[in-house]
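Me: Could you show me how to read a few features of a protein model? I would like the general idea and then a real case.

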Amino acid sequence: MAASISGTHACYPSVALNNATGNRRRGAEKNSFAPPLPASRPSSSTLRIGEQWPELQGSRDWDGLLSPLDGALRGELVRYGEFVRAAYESFDFQGRGAPTSYGSCRFPTRSLLRRSGIPETGYAVTGLLHAASSSAPSWLPSSCTCSSSYIGYVAVCVDEGEMERLGRRDVVIAYRGTATCSEWLDNFHSTLTCLPTTTTAPRSREEEEEEEPMVESGFWRLFTTPGEAHGSLQHQVRGEVQRIVREYSGKGMPPLSITVTGHSLGAALAVLTAYEIAAATRDADDVAPMVTAVSFGCPRVGNAAFRRRLEASGGKVLRVANSNDLVTKVPGLWVDEYGSVKRWMASKIGWAYSDVGRELLLSGHDLPRNVVASHHLDLYLKLVAACTY
């Protein structure tokens with residue numbers, strides 16, 4: 001059995017936060033959990049990273065960087081959180097253009113980041129990503145279900161000054177959280193389903209006896225279901241990443257990294273995406289890009305065998321979690337907490353989950369215990385920005 005890199009490091013804010021979510025705009029909240037709030041945006045990091053970038057991306061599993069929280073890493077976490085916020089900001093929650101525009105992207109790719117509130121990133125959006133759901137019952141109106149919707153985007157660092165600061169060319173894949181009724185229904189498909197094998201070779205007896213890698217069926221369905229006007233999210237990501245790697249890899253090119261980030265449902269999709277990319281590029285002839293998932297408020301995604309499969313692929317995961325956030329403690333049962341009998345029972349009912357990667361646990365003990373507020377992306381970024389030890 002491969003050694004697990006899972007671990008938790010608690011971080012406490014150095015200053016008191018006024019309230020759980022800052023100045024709340026009631027009209028902005030169109031999904032039950034955490035659309036972004038424009039108030040109190042932390043500024044992006046301007047620290048020069050240079051040759052430190054592999055460590056910040058998890059090459060050493062963030063050893064020595066989480067407790068206390070490294071200043072450069074803090075800035076990078078806030079910066080990636082702002083990319084996630086842009087995915088929320090650009091999502092059409094109300095069908096502003098027309099009733100059929102609900103669930104689409106509000107902005108053209110050329111101006112998406114600027115109009116979402118982060119104009120000087122040094123990145124250019126190269127493609128929009130859509131996820132399709134097959135979970136909505138037929139009796140719901142189409143305006144409510146939105147079986148296929150814009151869920152995020154791909155952006156590439158193109159600014160020479162920013163590449164020099166980062167020490168490489170970075171590709172960001174950013175996902176928003178749950179917004180549509182169909183996505184909510186998929187969230188509740190919380191039993192585990194087997195992850196397809198990546199090889200056609202026959203399995204040995206030892207492999208047959210090992211636990212199969214499994215992931216949450218609702219998340220996997222959103223990741224792999226094709227839409228009427230596009231392929232599955234899995235195939236969209238695969239095609240765009242292949243194109244970017246071909247264009248920006250090779251002799252004389254700066255190092256390439258791929259950072260997948262998301263919040264809530266988007267965090268779970270970020271983990272699946274990181275696994276997909278890392279597994280696909282692991283045996284590439286050229287030097288494979290480093291693949292890292294930075295998740296905010298991520299629910300559990302798979303079982304212990306999936307965690308080992310992800311680690312073996314070379315993909316890195318940093319889970320940023322608020323201690324008060326219940327979403328990070330579901331779905332299913334965390335089998336490491338239980339004895340062998342309960343582990344067996346959890347496995348039989350499809351609820352034997354295991355956390356992946358490393359965890360940066362943000363302490364929210366001094367804040368009101370509110371389920372929605374504790375899961376809010378804005379609160380996460382405030383906690384990260386205020387965290388110094």
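Here we go through the overall build, some aromatic rings and a pair of helices.

Reply: First, some ground rules. This is a predicted model, where local features need pLDDT of at least 70 and side-chain atom pairs count only at pLDDT 80 or more, while totals for chains, interfaces and linings use all residues. Residues are numbered from 1 along each chain as its sequence is written, and side-chain values use heavy atoms, with hydrogens and water left out.

Me: How many helices and strands are there in the protein chain?

Reply: The protein chain has 14 helices and 12 strands. These are DSSP runs numbered from the N terminus (helices: H or I, at least four residues; strands: E, at least two). Of its 389 residues, 56% count as buried. Buried means under 20% relative accessible area, exposed over 50%, and partly exposed in between (1.4 Å probe, protein chains only).

Me: What describes a pair of aromatic rings?

Reply: The distance of the centres and the angle of the planes describe it. Rings of Phe, Tyr and Trp (its six-membered ring) pair if their centres lie within 6.5 Å; planes under 30 degrees apart are stacked, over 60 edge-to-face, and the rest tilted. By this rule there are five aromatic pairs. Take Phe83 and Tyr123: their ring centres are 4.9 Å apart and their planes are at 65°, so this pair is edge-to-face. Phe83 belongs to helix H2 (residues 71-89) and Tyr123 to strand S2 (residues 123-132), so the pair ties together parts 40 residues apart in sequence.

Me: Are Phe83 and Tyr123 buried or exposed?

Reply: Phe83 is buried, at 2% relative accessible area, and Tyr123 is buried too, at 8%. Another pair is Phe91 and Phe93, with centres 4.8 Å apart and planes at 75°, so this one is edge-to-face as well.

Me: Which charged end sits over the ring of Phe91?

Reply: That of Arg176, 4.2 Å from the ring centre. The rule asks for NZ of Lys or CZ of Arg within 6 Å of the ring centre and within 35 degrees of the ring normal.

Me: And what describes two packed helices?

Reply: The angle between their axes and the distance between the axes do. Axes are lines fitted to C-alpha atoms, for helices over the stretch in contact, with angles from 0 to 180 degrees between N-to-C directions. Helix H10 (residues 265-281) and helix H11 (residues 304-313) pack at about 45°, with axes 9 Å apart.
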